[in-house]
Amino acid sequence: MTSIREQVAIDDLGHNRHRWATLLWLGGSGCALAVVMVVAIGSGPVAVSPGVVARVVGHHVLGLPARPDWTAAQDAIVWLVRAPRVVLGALVGAALAASGAVLQTLVRNVLADPHILGVTSGASTGAAASLLFGAAASAATLATSAFAGALGATVLLYLVARVDGQMTSLRLLLGGVTIGYIGSAATSFLVFASDTPEGARAVLFWLLGSLASAAWSSVAITALVTLGSLLGLLALATRFDALAAGDDTARTLGLRPGRLRMLALAVVALCVGAVVAVAGAVGFVGLVVPHVARLCVGGGHRRLIPLSALFGALFLVSADVVARIAFAPRELPLGIVTAVVGAPLLLLLIRRSSRNVL
């Protein structure tokens, strides 16, 4: 009896330590994100000190009284130009990273990311059609076209992957890869068929990702969809834990793996489609960031999803600062920066892993 009590005490102690470690990671990441966002808003050709940034944001968000230590130009730069861009970057990074963590469970492949669904390719095709053939009269029209392409790719993936009422991880994986190739081919054909070099350059820049068109209107819509999707994924976290143990285990616990995959796929597609529609195809965030989060808090999705979101936001906001200032006044496509950082990090993670992931 004593040994059982000792074992229970040891288990409780380990659980408490894990919980406090998780809270420490989440709290530390949240504070780091707030600091990085303030620094990012102040960084650029016209530098603004963190103190002024904090006071300008506090004035607009909290209604704090305006002070004479910033000019009207600084107010416009901080609030109208850089703040929406930084907030949008945080939302895009959080959405891609959390979606990547879930997709790696859905398809049972540690190298899965949002691109594997084909949603990114579908959105790229819609955006390319809008940019090349005169439909992109505004940023809102471009985002609508991209989201329509993402929705079409999701519906096609559902039809391809669902056979006899079942949706397995293998069908989902193969269907997503196939649709991704189809979308890439369609985008390439649209670029080939167009006779406008400016449009082709715009498509290329958009395909590599950019936050340059950020505005508070697009941020509001993206925030609504992204935060709602993340809450939906977090509500399914315990079911994802069961699914990660295998379909048979999930059925034993009373779950329907096919239906769960279908529901999760719909939420992920909505989330990824929304952010790709406003930021373009940004790679490596959903692939690399979940691996880093797992090293910190393990594979439990109640911990993994929020920490992946915070790490993804940190990563993309930092990458956007580099994209803006590395070759100023020219701006690097965001996807180049994430690839330069993400590819070596992925190789390092694979090398240090005790499992053979290839």
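Is R251 buried, exposed or partly exposed? R251 counts as partly exposed, because its relative accessibility is 44%, where buried means under 20% relative accessible area, exposed over 50% and partly exposed in between (1.4 Å probe, protein chains only). This is a predicted model, in which local features need pLDDT of at least 70 and side-chain atom pairs count only at pLDDT 80 or more, while totals for chains, interfaces and linings use all residues. Residues are numbered from 1 along each chain as its sequence is written, and side-chain values use heavy atoms, with hydrogens and water left out. Helices (H or I, at least four residues) and strands (E, at least two) are DSSP runs, numbered from the N terminus.

**Salt bridges**

- The structure holds five salt bridges. Each pairs a side-chain nitrogen of Lys or Arg with a carboxyl oxygen of Asp or Glu within 4 Å.
- One of them joins E331 to R85, with the closest N and O atoms 2.6 Å apart. E331 sits in the loop between helix 13 (301-325) and helix 14, and R85 in helix 3, so the pair ties together parts that are 246 residues apart in sequence.
- E331 counts as partly exposed at 27% relative accessibility. R85 is buried, with a relative accessible area of 10%.
- D320 forms a salt bridge with R324, and their closest N and O atoms are 3.4 Å apart. Both belong to helix 13; they are four residues apart, so about one helical turn separates them. D320 is buried, and R324 is too.
- These pairs are connected: R85, D320, R324 and E331 are linked in a network of salt bridges.
- R251 pairs with D248, the closest N and O atoms being 3.3 Å apart. The two are three residues apart in helix 10 (residues 247-252), so they are separated by about one helical turn. D248 is exposed, with a relative accessible area of 59%.

**Nonpolar core**

- The largest nonpolar core has 91 residues. Such a core is a set of buried Ala, Val, Leu, Ile, Met, Phe, Trp, Tyr and Cys residues joined through side-chain atoms within 4.5 Å.
- V92, L106, L172, F240 and V285 touch the most other members of this core. Helix 3 (residues 72-106) supplies the largest share, 17 residues.
- V92 touches L211, V275, A279 and L316, leaving aside residues up to four places away in sequence. Contact means heavy atoms within 4.5 Å.

- Helix 6 (residues 169-193) has 25 residues. From its first C-alpha to its last it reaches 36 Å, close to the 36 Å expected at 1.5 Å a residue. The expected span is 1.5 Å times one less than the number of residues.
- Its buried residues are S169, L172, L173, G175, G176, I179, G180, G183, T187 and L190.
- I116 lies in the loop between helix 3 and helix 4 (119-132). I116 counts as buried because its relative accessibility is 14%.
- I116 touches L173, G176 and V177, not counting residues up to four places away in sequence.
- I116 and M167 are 51 residues apart in sequence. In space they are 16 Å apart, C-alpha to C-alpha.

**T154 in helix 5**

- T154 is part of helix 5 (residues 139-161). At 14% relative accessibility, T154 counts as buried.
- Apart from residues up to four places away in sequence, T154 touches V119 and A269.

**Nonpolar surface patch**

- L204, L208, I336, V340 and V341 make a nonpolar surface patch of about 410 Å². Patches are made of residues with over 30% relative accessible area and no salt bridge: like charges are joined within 9 Å, nonpolar side chains (Val, Leu, Ile, Met, Phe, Trp, Tyr) within 5 Å. Accessible areas come from the Shrake-Rupley method with a 1.4 Å probe; for residues, only the protein chains shown count as cover.
- Helix 14 (residues 334-352) gives the most to the patch, with three residues.
- V340 is found in helix 14. V340 counts as exposed, because its relative accessibility is 57%.

**Backbone at F284**

- Phi of F284 is near 75 degrees, a positive value in a residue other than glycine. Most residues other than glycine have a negative phi.
- F284 falls in the loop between helix 11 (257-279) and helix 12 (285-297). F284 is partly exposed, with a relative accessible area of 24%.
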